[in-house]
Structures are given as structure tokens and as C-alpha cells.
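Dear colleague,

Please find below the structure that I am handing over to you. My findings follow directly after it.

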Amino acid sequence: MVNARVVSKKDLIVVEKYFFLGSERYRVNVTGTNIVVNVRAGSEEEAIEKALEILSKIRLTDQALEKLRKISRNQ
């Protein structure tokens, strides 16, 4: 894989804000998929940034994301 681009902010949406054990937490969805990332953050913007970090660590690329979206549409 030659420097494939990872997902970007435009691919993410905050779907829920909640509190757990005194911490503010967010669920961030990768649009067009069933992928949801749960993060602890102080704001929606911070939640998006943390979700991007997690998704880049697992190397969710634009190419992989398109494959996942096609699979999701076919189910």
C-alpha cells in the first residue's frame, strides 16, 4: 500500500454525546458504514480528532472505506 489516504473529518459524524462514570463521551460514526468509535472528549471537535487518530491507527483508508460502503449498501 503506497501512502493511501486515511478517512477525513468529512467522513465522520457525532451521533451521540453521553456521560459515563463522570466523563463526557461521544459516539462518532463513519458515514455510510456501521463503524462507530467511542471516545472521551471535552467537545465534538475533540471527539472527531480522537476518532480520526483511532481510525488512522487501524489504517482505515479511503479505498477500504469505499469497499465497506458497497458491502453495507448490498446488505
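This is a predicted model: local features need pLDDT of at least 70, side-chain atom pairs count only at pLDDT 80 or more; totals for chains, interfaces and linings use all residues.

Overall dimensions and surface

The C-alpha atoms fill a box of roughly 40 × 30 × 20 Å along the principal axes. The chain has 75 residues, of which 29% are buried. Its accessible surface comes to about 5300 Å², and carbon and sulfur atoms account for 51% of that area. With regard to charge, there are 14 positive and 10 negative side chains, and the centres of these two sets lie 6 Å apart. Of the contacts between residues at least 6 apart in sequence, 39% join residues at least 24 apart.

In soluble globular proteins, nonpolar side chains tend to be buried together. In the present model, the largest nonpolar core has 15 residues, and Leu12, Val28 and Leu55 have the most contacts inside it. Strand E2 (23-30), strand E3 (36-40) and helix H1 (44-57) are the elements that each give two or more residues to this core. The largest share comes from H1, which provides five residues.

Leu12 deserves a separate word. Apart from its neighbours within four places in sequence, Leu12 is in contact with Val28, Asn29, Val30, Ile48, Ala51, Leu52 and Leu55. Two of these partners, Val28 and Leu55, are named with Leu12 among the residues with the most contacts inside the core.

Asp11

Asp11 lies in the segment before strand E1 (12-20). Is this residue buried or exposed? Asp11 counts as buried because its relative accessibility is 4%, and the limit for buried is under 20%. The side chain of Asp11 makes a polar contact with the side chain of Lys10 at 3.5 Å, and another with the side chain of Arg69 at 3.3 Å. Not counting residues up to four places away in sequence, Asp11 touches Asn29, Val30, Thr31, Asp62, Leu65 and Arg69. As a further point of reference, Thr33 is 22 residues from Asp11 along the chain, and their C-alpha atoms are separated by 10.0 Å.

Asn38

Asn38 lies in strand E3. Its relative accessible area is 37%, so Asn38 is classed as partly exposed, a class that runs between the limits of 20% and 50%. Which residues does Asn38 touch, not counting those up to four places away in sequence? They are Tyr18, Arg25, Tyr26 and Arg27. With Arg27 there is also a polar contact, side chain to side chain, at 3.1 Å. Leu21, by comparison, is 17 residues from Asn38 in sequence and 14 Å from it in space, C-alpha to C-alpha.

Yours sincerely

Terms used: Residues are numbered from 1 along each chain as its sequence is written. Side-chain values use heavy atoms; hydrogens and water are left out. A nonpolar core is a set of buried Ala, Val, Leu, Ile, Met, Phe, Trp, Tyr and Cys residues joined through side-chain atoms within 4.5 Å. Buried means under 20% relative accessible area, exposed over 50%, partly exposed in between (1.4 Å probe, protein chains only). Helices (H or I, at least four residues) and strands (E, at least two) are DSSP runs, numbered from the N terminus. Contact means heavy atoms within 4.5 Å. A polar contact is a pair of N or O atoms within 3.5 Å; within protein, one must be able to donate a hydrogen and the other to accept it, and residues adjacent in sequence count only if both atoms are side-chain atoms. Accessible areas come from the Shrake-Rupley method with a 1.4 Å probe; for residues, only the protein chains shown count as cover. Lys and Arg count as positive and Asp and Glu as negative; His and the chain ends are not counted. The place of a charge is taken as NZ of Lys, CZ of Arg, CG of Asp or CD of Glu.
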